[in-house]
Structures are given as C-alpha cells and as structure tokens.
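Trainee: Could we go through this model together? I would like to begin with the overall fold and then turn to particular residues.

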Amino acid sequence: MSRRQRNAGIAVAVLVAAALVAGFAFTFAPKAASTADGLAAKQLTFPLPENRRDGLRNSFHEKRGANSHEAVDIMAPRGTPVYAVEDGRVAKLFNSVPGGKTIYQFDPSGRFAYYYAHLDRYAAGLAEGKELRRGEIIGYVGSTGNAKPDAPHLHFAIFKLGPKREWWKGEAIDPYPYLANLAPSPG
Ligand SMILES: [Zn+2]
C-alpha cells in the first residue's frame with residue numbers, strides 16, 4: 001500500500017466515522033427542546049397580577065371537545081388587567097367563536113406568537129401592528145367566546161410560528177413551565 005493509498009483509506013474512515021456521529025446526533029437530538037429554543041431565556045412576564053399565580057395548574061393536555069386544549073387557563077375576576085408577556089407587536093386582533101376577543105402578539109424575533117383569549121375588552125389604543133412593551137396592559141379578563149360566563153379567565157397559549165409567520169398557524173408549546181417560573185408582573 002502506497003502512502004497515498006493509506007492516506008485515502010484514513011480519509012474514508014474519518015468520513016464514515018463523521019457520518020455515523022452526525023447520523024446518531026440527528027436521530028437522537030431532543031426535538032421538543034429545540035422547538036422551544038430560546039423561550040426559557042426570555043423570562044416572560046406573568047400576564048396577570050401576581051396573586052393570580054395561586055392555584056395555577058397545567059391544563060395544556062386536557063381535552064376540550066374533540067381538541068386538545070394546548071393552552072393554560074388562568075382564573076381571574078372580570079376586568080383584571082392582562083399584561084404583555086414580552087416586547088413585540090400586535091400581529092392580529094381577532095374575534096373568534098371559541099376564543100372570543102383575542103390578541104395574537106409576535107415576539108421581537110417573529111419566531112413565537114403569544115395568544116390571549118376570552119378578553120372582556122382590549123386596552124385603549126390597542127391596534128394591529130402596535131409595538132408592545134413587556135408588562136404593558138393590552139386588555140382585560142373576560143368570558144367572551146366559549147368561556148363560561150360565571151368563570152372569566154385568561155386562556156394563554158404560545159405558538160412556534162412557521163417560516164411564513166402566519167398568525168393562524170403554529171405549533172403549540174406548553175406554556176405552563178414558563179408561567180410557573182415567570183418574572184413578576186407589574187400588578
Ligand atoms: Zn382555555
């Protein structure tokens with residue numbers, strides 16, 4: 001075997017080893033963790049006054065009719081202020097049958113959407129395209145949509161947006177771990 005042949009053999013062996021390592025990493029990479037990549041570092045602000053953390057429980061995986069809930073409900077009296085969990089902008093104000101008065105907020109990177117539903121009303125001056133500051137009041141808790149009239153609450157969800165940044169399409173991320181460890185709200 002010439003030196004050239006031996007070097008070529010070593011190069012092939014290195015390439016095969018690299019391909020194996022890459023294949024292993026690809027197969028076993030924690031995909032769920034990469035979906036929410038960067039979300040924990042944001043230290044989102046709790047979207048309601050601090051005393052609403054009491055009794056917070058995870059309802060992300062519960063069924064709502066034929067669908068998964070894919071959100072967390074935070075009980076609060078009607079009219080309780082709702083705070084923007086992060087800077088960003090209002091992508092859409094939407095009145096839907098299940099959600100009632102809702103806000104879709106995009107984060108500054110445009111990778112995530114925060115969804116606030118069943119609002120009684122929007123904050124004065126709120127409009128699509130408005131730049132939001134973390135902690136700013138964006139609306140008030142209510143029971144619009146399919147919430148029980150005697151159980152007003154904030155339905156809060158987080159979506160990882162697709163490459164087209166469509167507000168109505170996204171992959172739901174369980175917000176509970178973030179809500180449970182969020183930065184204090186202004187209220
Ligand atoms: Zn809900």
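Mentor: What follows covers the fold, the core and a few individual residues.

Mentor: This is a predicted model, in which local features need pLDDT of at least 70, side-chain atom pairs count only at pLDDT 80 or more, and totals for chains, interfaces and linings use all residues. Residues are numbered from 1 along each chain as its sequence is written.

Trainee: How many helices and strands does the protein have?

Mentor: The protein has three helices and eleven strands. Helices (H or I, at least four residues) and strands (E, at least two) are DSSP runs, numbered from the N terminus. Along the sequence, the pattern reads α-α-β-β-β-β-β-β-β-β-β-β-β-α.

Trainee: What percentage of the residues count as buried?

Mentor: Of the 187 residues, 30% are buried. A residue is buried if 20 or more other C-beta atoms lie within 10 Å of its own, exposed if 12 or fewer, and partly exposed in between, with C-beta atoms placed from the backbone.

Trainee: Which residues touch the most other members of the largest nonpolar core?

Mentor: That core has 36 residues, and V82, A113, Y115, Y116, L154, F156 and F159 touch the most other members. A nonpolar core is a set of buried Ala, Val, Leu, Ile, Met, Phe, Trp, Tyr and Cys residues joined through C-beta atoms within 7 Å.

Trainee: Which strand gives the most to this core?

Mentor: Strand β7 does, with seven residues.

Trainee: And what does F156 touch?

Mentor: Not counting residues up to four places away in sequence, F156 touches P47, A71, V72, I74, Y115, Y116 and P175. Two residues are in contact if their C-beta atoms, placed from the backbone, lie within 7 Å.

Trainee: Turning to the backbone, what is the phi of H118?

Mentor: H118 has a positive phi of about 65°, although it is not a glycine. Most residues other than glycine have a negative phi. H118 is found in strand β7.

Trainee: Why does H118 count as buried?

Mentor: H118 counts as buried because it has 25 C-beta neighbours inside 10 Å. E70 also has a positive phi, near 55°. E70 lies in the loop between β2 (67–68) and β3, and counts as buried with 20 C-beta neighbours inside 10 Å.

Trainee: Is P77 buried or exposed?

Mentor: P77 is exposed, with 10 other C-beta atoms within 10 Å. P77 is in the loop between β3 and β4. Leaving aside neighbours within four places in sequence, P77 is in contact with V141 and P152.

Trainee: How far apart are P77 and P152?

Mentor: They are 75 residues apart in sequence and 6.2 Å apart in space, C-alpha to C-alpha.
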